Amino acid sequence: MTEIPEHLLKRAQAARDKAAADSGAGEAASGAPSDSRIPEELLNRSKAAAAGGVAVAERVATGVATTAPNGNSPQGTGPGGHTQRLLTVVKSGSIQDVKAVPVDKVHTWPHLLGVEFVAALACTAFTFLFSWFVNAPLLQAANFNQTPNPSKAPWYFLGLQELLTMFHPMIAGVTIPGVALIALMLAPYMDRNPSNKPEDRKFLTSIFTVHLMFWAVLVIIGSFFRGPGFNFTFPWRDGIFFDL
Amino acid sequence: MALTLDEQPKVTLKERATKVNESLKGSQAWNSIFRPGSIFRKGYTDSPRNRSYVIMNSVLYHLHPVKVKRHAVKVSYTLCLGGLSFFLFILLTVTGIFLMFFYRPTATNAWQDIQSLQTSVTFGLMVRNMHRWGAHLMVLSVFLHMARVFYHGAYKAPREFNWVIGVILLTLTLLLSFTGYLLPWDQLALWAVTVGTNMMGYSPVIGSQVRFVLLGGVEIGAETLLRWYVLHVLLFPFITVIFLAVHFWRVRKDGGISGPL
């Protein structure tokens, strides 16, 4: 449910109070039911029609046949001098899809652009300062005859390389990442739960977190706990075999 | 000064500046650049109308609506991760273009070019560092953006397809990073990519063919460097920009960002 901002609620309440005060006297005098917007005589007529449609037809017929007995109403009129008949009353809400739910909005400038600008500045500053103090690695020129030990993939693929130690390359390098990607893409179509509230999504949130953690742990092990020959090491004992 | 040579009052600097400003703003060139209603034409004083004009009469209108939901500007909701990913993409484009001036993607020159870029080009080392760290940061921020969207359930209807585009963009980000990894042509690049592409060769049916096309041979060599350079600076950025455009367009068409929870 959209949260209706407080100032709009207040405004609506004020308008409702004003309308009530304006029409209060008139309604009290006529005694009409305040919840219906249909004029009372129309309601009465439709009730009469429902009670005996034939009766109404007869009355109309007599009205046509006789030449204005009372002289006031013209030919072909119904009771009370009306020239139309009420077939049905359709309330506006049922045929007009009115979407007047107020949404609390703010101007993009300055509220969003300001934040974006600051975020961009902070990001640039961080990258700049980090680059000031830490140099990108540049090892010796590529040499096909000298394989470094260990040889590691970029860090985001180290989870896959870690899987290579456990499974056949076809499974670790193709099947698992392929299935993971496809499952990710299909996630919105498989998740049939319409709610986006965390308390309604405990199962899926847990599943996702477990997978994230699984992946993070694999990457960390591959990065820091794998030494020469891609054997398990402790970084505090043997040093770090990792370049970013 | 004892002598006053001219009777006319002196034109102050401020008056002169105002005059130049007025003639500039009245010129056809100025008015052809800025649309009617632009704040650069009619000046800016803070009012709701002008706040709307800032977006409506600038190219920003392609990216942002005039108004956004109040919760959408809360940093605690989005953590700015999507925006930062995009900004890092821009930062990487700018620094990458700088690097292209000094780099030749051939096996004999590539490493030497990076070496001399670092030692004899002004800000060369700095820009290379920014490009490298920015790339790692982008992989991280795209990944975190995905996690954020998942935890907020923001991929639910009507945003399912935008999530799919997002996963494609994540893959493209990894491909961009991975193809860039080879370009310094040092031991780290060569053997990291060797490990990575060996895995690729195990794809069923087309694995070895795809690997052959990507490497330009059965093993990594000089041809691989040129291919990955073209992929890195042209093909993947091109595809990424297209998917970014669709991604941003869908964010707006699907009713702005999701939430509140």
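Reader: How many residues of chain B are in contact with chain A?
Author: In this predicted model, 70 residues of chain B are in contact with 59 residues of chain A. The elements giving two or more residues to that side of chain B are α4, β1, α6, α7, α8, α9 and α10 of chain B.

Reader: Which of them gives the most?
Author: That is α8(B), which contributes 14 residues to the side of chain B that touches chain A.

Reader: Let us turn to α10(B). Is it mostly covered or mostly open?
Author: It is mostly covered, since 10 of the 14 residues of α10(B) are buried. Among them are Leu188(B), Trp191(B), Val195(B) and Met199(B). The buried residues of α10(B) pack against α6 and α7 of chain A, together with α9 and α11 of chain B.

Reader: And what covers the buried residues of α6(B)?
Author: The cover includes α5 of chain A, together with α5, α8 and α12 of chain B. The buried residues of α6(B) include Phe86(B), Phe87(B), Phe89(B) and Leu92(B).

Reader: Why does the span of α6(B) agree with expectation?
Author: Its 20 residues should span 28 Å at 1.5 Å a residue, and the end C-alpha atoms of α6(B) are 28 Å apart, so the two agree.

Reader: A change of topic: where is Val66(B), and what does it touch?
Author: Val66(B) is found in the loop between α4 and β1 of chain B. Leaving aside residues up to four places away in sequence, Val66(B) touches His107(A), Thr108(A), Ser52(B), Ile55(B) and Met56(B). Val66(B) counts as partly exposed because it has 17 C-beta neighbours inside 10 Å.

Reader: Which peptide bonds are cis?
Author: One joins Asn149(A) and Pro150(A), with omega about 0 degrees. Another runs from Ala157(B) to Pro158(B), with omega near 5 degrees. Pro150(A) is in the loop between α5 and α6 of chain A, and Pro158(B) is in the loop between α8 and α9 of chain B.

Reader: What about phi at Phe123(B) and Trp185(B)?
Author: Most residues other than glycine have a negative phi. Phe123(B), however, has a positive phi near 65 degrees, and Trp185(B) has a positive phi of about 60 degrees.

Reader: Are those two buried or exposed?
Author: Phe123(B) counts as exposed because it has 12 C-beta neighbours inside 10 Å. Trp185(B) has 26 such neighbours and therefore counts as buried.

Reader: Lastly, where does pLDDT stay under 50 in chain A?
Author: It stays under 50 over residues 28-34 of chain A, and also over residues 55-69 of chain A. Where pLDDT is low, the predicted coordinates should not be read in detail. The mean pLDDT of chain A is 82, and 78% of its residues reach 70 or more.

How values were computed. Residues are numbered from 1 along each chain as its sequence is written. Chains are lettered from A and ligands numbered from 1 in the order in which they are written. This is a predicted model: local features need pLDDT of at least 70, side-chain atom pairs count only at pLDDT 80 or more; totals for chains, interfaces and linings use all residues. A residue is buried if 20 or more other C-beta atoms lie within 10 Å of its own, exposed if 12 or fewer, and partly exposed in between; C-beta atoms are placed from the backbone. Helices (H or I, at least four residues) and strands (E, at least two) are DSSP runs, numbered from the N terminus. Two residues are in contact if their C-beta atoms, placed from the backbone, lie within 7 Å. pLDDT is the predictor's confidence in each residue, from 0 to 100. The expected span of a helix is 1.5 Å times one less than its number of residues.
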